[in-house]
Amino acid sequence: MGKHKSIVTKYENFSAFSGSPKQCEHHLLFGRGIRQLADDDGIWIPLLDEEHNASKKGIKFQVHENPAAEKLSKMCGQLAWERKYLADKLASDEN
């Protein structure tokens, strides 16, 4: 299976934080071997490298190594997946 469109944002070419042209993708599922599931389900957001894991200003300005940002991004991914799942389920129930 290939990478799917993000279910979190329709603006896949722009950072979810700054709106600048994206440099990378932050997967909202964490753990070994899980990245492919995030790709398959579209559970990712576009970011700049410095917003993701390469900030020169310190970890509080990036998602990785920042516990609060990591937890919030997990919640964001979970809510986006649940919204899509429920929308798909309601659509299939109507048919």
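The model is predicted: local features need pLDDT of at least 70, side-chain atom pairs count only at pLDDT 80 or more, and totals for chains, interfaces and linings use all residues. Residues are numbered from 1 along each chain as its sequence is written, and side-chain values use heavy atoms, with hydrogens and water left out.

**Figure 1. The elements of the chain.** The chain holds three helices and two strands. From the N terminus, their order is β-α-β-α-α. Helices (H or I, at least four residues) and strands (E, at least two) are DSSP runs, numbered from the N terminus. The C-alpha trace spans about 50 × 25 × 25 Å along its principal axes.

**Figure 2. The strand pair.** Strand β1 (residues 24-27) runs antiparallel to β2, with four bridges. Two strands pair if DSSP finds at least two bridges between them. Cysteine 24 sits opposite leucine 47 of β2.

**Figure 3. Both faces of β2.** In a regular strand, side chains alternate between the two faces of the sheet. Strand β2 (residues 44-47) is covered on both faces. Trp44 and Pro46 are buried on one side, Ile45 and Leu47 on the other. Buried means under 20% relative accessible area, exposed over 50%, and partly exposed in between (1.4 Å probe, protein chains only). Buried residues make up 31% of the 95 in the chain.

**Figure 4. Glutamate 65 in its loop.** Glutamate 65 lies in the loop between α2 (49-52) and α3 (67-94). Its phi is positive, about 75 degrees, although the residue is not a glycine. Most residues other than glycine have a negative phi. Glutamate 65 is exposed, at 55% relative accessibility.

**Figure 5. Salt bridges.** The count comes to three. A salt bridge is a side-chain nitrogen of Lys or Arg within 4 Å of a carboxyl oxygen of Asp or Glu. Lysine 22 bridges to glutamate 25, with the closest N and O atoms 2.7 Å apart. Lysine 22 is partly exposed, at 29%. In helix α3, lysine 84 and aspartate 88 lie four residues apart, about one turn. Their side chains meet at 2.7 Å, N to O. Lysine 89 and aspartate 93 meet at 3.5 Å, N to O. They too are four residues apart in helix α3, so about one helical turn separates them.
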